[in-house]
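I opened the notebook to record, entry by entry, what I looked up in this structure.

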Amino acid sequence: MGAKTKRIGYFCPLVPEEIIMAAGLQPVRMAGEAESTSAADGHLYHNLCPYIKNVMSTGLDRGAKHLDGVVFARSCDGMRRMFDAWRTYIDTRFIYMLEVPKNTDEPALKYYASQLKDFASAIGQAFDVTIDDAALRAAIKQAGKFRQAAQDIFALQRSKPLPVKGSDLFAVSARASTQDKDAALKEIKKLSSAAGKAKPEKAGSRRPRILISGNMMDRPDLFELLEAAGADVPVADLCTDLRYFSRQADGTAGDPYLALARAYLGEPHCSRTASPIERTVEIQKLIRDYSIDGVLLTSLKFCDLHLYDAPYITETLKNAGIPVLFLENDYTFTNKGQLKVRIEAFIEVLNEKRD
Amino acid sequence: MIKTFYENMKNFLEDQYQKKPRASDRVRMQVADTVLEAFKPDSRVVWVSWLNFPMELLSAFDVASFDPELGPGLVCTLETDRSMEVMSEAEQAGFSIDLCSAHRLALGCQLRGYMPKADLLIGHSYFCDGSARVNGLLAQYHGKEAVTLDMPFGMDKKAVAYVAGQLQYVARKIEEATGARLDMDKLRESIRASNRARRALNELAELQKTSPVSWNGTSTVAMSLFQHIKAGKPVQEQIYRELIDECRNNLESGALQPENYRVLWLAWYPAQPFVTYEVFKKNGVKIVMGEQTRAFWDEIDENNPWESLAMRDFNSPYIGPIEQRLDGIMKTIDEYHIDGVVHFSHDACRHTCAAHRMIGDAVQKRGVPFLTLEGDISDKRKYSEDRTRLLLESFIDVMAGRK
């Protein structure tokens, strides 16, 4: 895509980028860039998740002139209110609310597919392009390339010693959804070529392997704190990490919209589309696949979807003998000092347990 | 705790009713009866959100209903300290204090074994994310299935068909879980009863346009629950008719207290003791209407029950874009000659709280004073009597300035 490609911002990774790409536009996941969220506190409410407050504050501060449109998803209570507030207070050329079902059964999948088709039609109309099945299949193929490249790295991450440092993988992952896909593919391939060069671990020096599981994260602080405390992070079950790269649709045959619906509402689920029980089962699978020693469960403050799940997931994992540390975060990690103390203590306990 | 509370409440209200029959007491007795039915050993119990499930469907089944949020939540009206103690049980189990107190109370009651049995738990994607999450967790405690009625954001033909299909699925699940069978004639009968009650509710609401208003604030709030909990039952219309007679008598008697200001109350109303009534009474402020008190839905079509019931839900002020709420608020301001609007921002209610600025801007543009009143339905740690009093008194000053 050239420098003049029109850019469409979106907030929730349940918005299929493929449809935006099929319209010849560049999807850009919206990351919060505000240092303070006071603007959003005034326009929304102080008890909303800090990601939403941050992106809303960024929008209020900068406006949306650098974007050609913004796409919301019915992903949570905060998001639907931000949709209302955004179109009330921020002048934006194209605004769309994508319906995302809460259920994942066949009727929900079919309904979601129909909503994706409506979205394609709306975006096509707004930007004077026709998204036909061939264009969508091509976009699915293009997205599939960089998703597969990332999946290849995740597959490598199961081995020991860890081929790619968790914070390096996260940096590429978080950036991938905000840049053009060819550039993302290049970065992923570069990371992939560096993998496999890790030196074998000395006997008795194995670092504990931690799974980070949570929601939206754009800053690497937790990865860096874990690594500084002597741990490895092979995989992160986040909106901006493993889950983002797992939405690989099979667009070769059949209805491409239904294929996208299956990919986006399928595994791995977030708390939006799965019960705490199903989430726990999926986390347990990651623990086995990546030989995980402990789980850092994290949630944005005020995120109801994740906060309700945390006690059940924590208790179930602990009962299964998996140490869990639960930490709320404020998206910008202003309380890094406190987090450092908790993480160091957690790793110390893990090391003692292994000794 | 829950069962005893409602037994005591029922006994007290029956005693009151014997001395002085009042339809508003019958409303509360119906709530108590509904909860106590769920505690009967031979009852087949479906847990559901009374406020946002089309209860006409449940009324067509021979089953008891229980709302895991409101059932324990109303206990807080009299037993605030006890409720706090139960809430802390959930907090000790890991549920954050930033989560809705109604949900923490429900989870605490479950952990302490205060809840009735459940045969099926029906969650709802609205009003909030928490509601469906808690439903899933409670189902886990009971070892029963949880189903979620998923309401899309906007109402169009496809969305209505999607929800209608889910309602049929839910009906099948009720049959499987309780052994009760859905008789379509009974469903049509339930819809007819609901439509009759809706007409009566509209008559009752029409009476409140007069000044001074003929009901009190507590009736306004209680009404928003009653219009759902007994939807589809003939008793609903009967009680509305009694309330209409009562209001007419109040108006004709000329004994109503004069009113200085007419207030529209938005969002939730605190279950824990709140200073509002005292301040409002002292200053002649009347809560004339609540956001959820009016009949916001259209008549249900008995010949197209599934889609029609789906549409009943879609018309809720809390479903869909903010315009849906704003339209109802502006209409009420005009029709009920409102002097001021209070938005009660229940601490953890993300979707109502996050709308307060947009509503405030629109209401003030209309020249009507607006107050965002922060507090909590049942967590007394998040309520300050002095601050609330100060805010309400300042708000009354603003209304006085505008008059």
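In which sense do strand 3 and strand 4 of chain A pair, and over how many bridges? I bear in mind throughout that this is a predicted model. I found that strand 3 (residues 69-73) of chain A runs parallel to strand 4 (residues 95-98) of chain A, the two being paired over 4 bridges. Looking across the pair, I noted that A:Ala73 stands opposite A:Leu98, which belongs to strand 4 of chain A. I then followed the chain from strand 3 of chain A through helix 4 (residues 77-89) of chain A to strand 4 of chain A, and this β-α-β crossover is right-handed.

Next I turned to chain A as a whole, for which I counted 14 helices and 8 strands. Its radius of gyration is 20 Å, close to the 20 Å that the globule rule gives for 355 residues, so I take chain A to be as compact as a globular protein of that length. Of the 355 residues in chain A, 54% are buried. Among contacts in chain A between residues at least 6 apart in sequence, I noted that 71% join residues at least 24 apart.

My last entry concerns the interface, where 35 residues of chain B are in contact with 38 residues of chain A. On the side of chain B that touches chain A, at least two residues each come from helix 7 (129-142), helix 8 (157-178), helix 15 (350-353) and helix 16 (356-365) of chain B. Helix 7 of chain B gives the most to that side, with 8 residues. By residue class, I divided this side of chain B into 17 nonpolar, 10 polar and 8 charged residues.

How values were computed. Residues are numbered from 1 along each chain as its sequence is written. Chains are lettered from A and ligands numbered from 1 in the order in which they are written. This is a predicted model: local features need pLDDT of at least 70, side-chain atom pairs count only at pLDDT 80 or more; totals for chains, interfaces and linings use all residues. The radius of gyration is taken over C-alpha atoms; the globule rule is 2.2 Å times the number of residues to the power 0.38. A residue is buried if 20 or more other C-beta atoms lie within 10 Å of its own, exposed if 12 or fewer, and partly exposed in between; C-beta atoms are placed from the backbone. Two residues are in contact if their C-beta atoms, placed from the backbone, lie within 7 Å. Ala, Val, Leu, Ile, Met, Phe, Trp, Tyr, Cys and Pro count as nonpolar, Asp, Glu, Lys and Arg as charged, and the others, Gly among them, as polar. Two strands pair if DSSP finds at least two bridges between them. A crossover is right-handed if, with the strands pointing away from the viewer, the path from the first strand over the helix to the second runs clockwise.
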